[in-house]
Structures are given as C-alpha cells and as structure tokens.
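Here's a quick briefing to read alongside the structure. Take a look at the model first, then work through the notes by topic.

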Amino acid sequence: RLKVDANVELFNHVAPCLDLANTGGNTNSSATNSASDELVALCQQVLSGVTTDQVATASLLATDIVSITSKWTGAGELVDDPQEVALFCAYLKLLPTFAFQVDFYFDKNFNVENP
C-alpha cells in the first residue's frame, strides 16, 4: 500500500487526526479528552473532506505499520530480505508520523529510489 502515492498522500493528510476520525468525531471520547479545542476543530475540518473508506484505508495502513515496527526489538531472527526492509524504511521516511523511527539510521540520500 505504501507504494501507491495516493495512499501516502492520504495518510499524511489524515494521520494526525486518525484518533478523532476513529471515534466518529466524538470530542468527549477518551482519545480526544486531552486534545485542545483548536486541534479538534482543525481535525474536524481536515476530516470533513475525507470519506469513511479513506479513513479506513489510512487506519489500516497505520495498524499495519505499527504491527511491523512493534516487532523491531533487536531480538529474534534476521529477516530473509534486508533489501525489502530497507525499502520499507525508505517508505516510512515519507510518513512524518513514522519517519522518526528510521530517520537516524540513514543518510540524506536514502529514499525509495535509493534504499
């Protein structure tokens, strides 16, 4: 899914607001209790142009990424294809909400064209 530019663009557009989107915009939920009124208003504005299917796509992408990166513990067996992992990391760099997990491992020339 990360290889599709439209998915990357969609994710980057809605990622900061996924918690609000997944609570149906309910500002009384535990997911948004600590959020400021300004943030909630901004997210509601961002999400107003996004379909339920698009939110589901972005949420699934986030879930998949967390499922993969949560296993990066340094323990266990090495992956069979390090090049595939490098490409995945290059795609993560395109997502500001996940880039912090890989930014410090690679130089400035590391990207999806040069993993």
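Helix 5 is the biggest contributor to the lining of the largest pocket, supplying six residues. Keep in mind that this is a predicted model.

**The largest pocket**

- The space inside the largest pocket comes to about 850 Å³.
- Two elements each give two or more residues to its lining: helix 4 and helix 5, the latter spanning 82–92.
- In total, 24 residues line the largest pocket. Those nearest its centre are Ile68, Trp72, Val79, Val85 and Phe88.

**Thr69**

- You'll find Thr69 in helix 4, which covers residues 52–69.
- Is Thr69 buried or exposed? Its relative accessible area is 11%, and the cut-off for buried is under 20%, so Thr69 counts as buried.
- Setting aside neighbours within four places in sequence, Thr69 is in contact with Phe88, Leu92 and Gln101. One of these, Phe88, also turns up among the residues nearest the centre of the largest pocket.

**Helix 1**

- Helix 1 runs over residues 5–14, and its buried residues are Asn7, Val8, Leu10, Phe11 and Val14.
- Why do these buried residues line one face of helix 1? Looking down the helix axis, they fall within an arc of 165 degrees, so they share one face of the helix.
- Over on the other side of helix 1, Asp5, Ala6 and Glu9 are exposed.

**The salt bridge**

- How many salt bridges does the count come to? The tally is one salt bridge.
- The partners are Arg1 and Asp64, whose side chains meet at 1.8 Å, N to O.
- This pair ties together distant parts of the chain: Arg1 is in the segment before helix 1, Asp64 is in helix 4, and they sit 63 residues apart.

Notes: Residues are numbered from 1 along each chain as its sequence is written. This is a predicted model: local features need pLDDT of at least 70, side-chain atom pairs count only at pLDDT 80 or more; totals for chains, interfaces and linings use all residues. Side-chain values use heavy atoms; hydrogens and water are left out. Helices (H or I, at least four residues) and strands (E, at least two) are DSSP runs, numbered from the N terminus. Buried means under 20% relative accessible area, exposed over 50%, partly exposed in between (1.4 Å probe, protein chains only). Contact means heavy atoms within 4.5 Å. The arc is that of the directions from the helix axis to the C-beta atoms. On a 1 Å grid over the protein atoms alone, a cavity is a set of points where a 1.4 Å probe fits but cannot get out, and a pocket is an open set with protein on both sides within 12 Å along at least five of seven lines; lining residues have an atom within 4 Å of a point. Grid points are joined across faces, edges and corners, and a volume is the space filled by probe spheres set on the points. A salt bridge is a side-chain nitrogen of Lys or Arg within 4 Å of a carboxyl oxygen of Asp or Glu.
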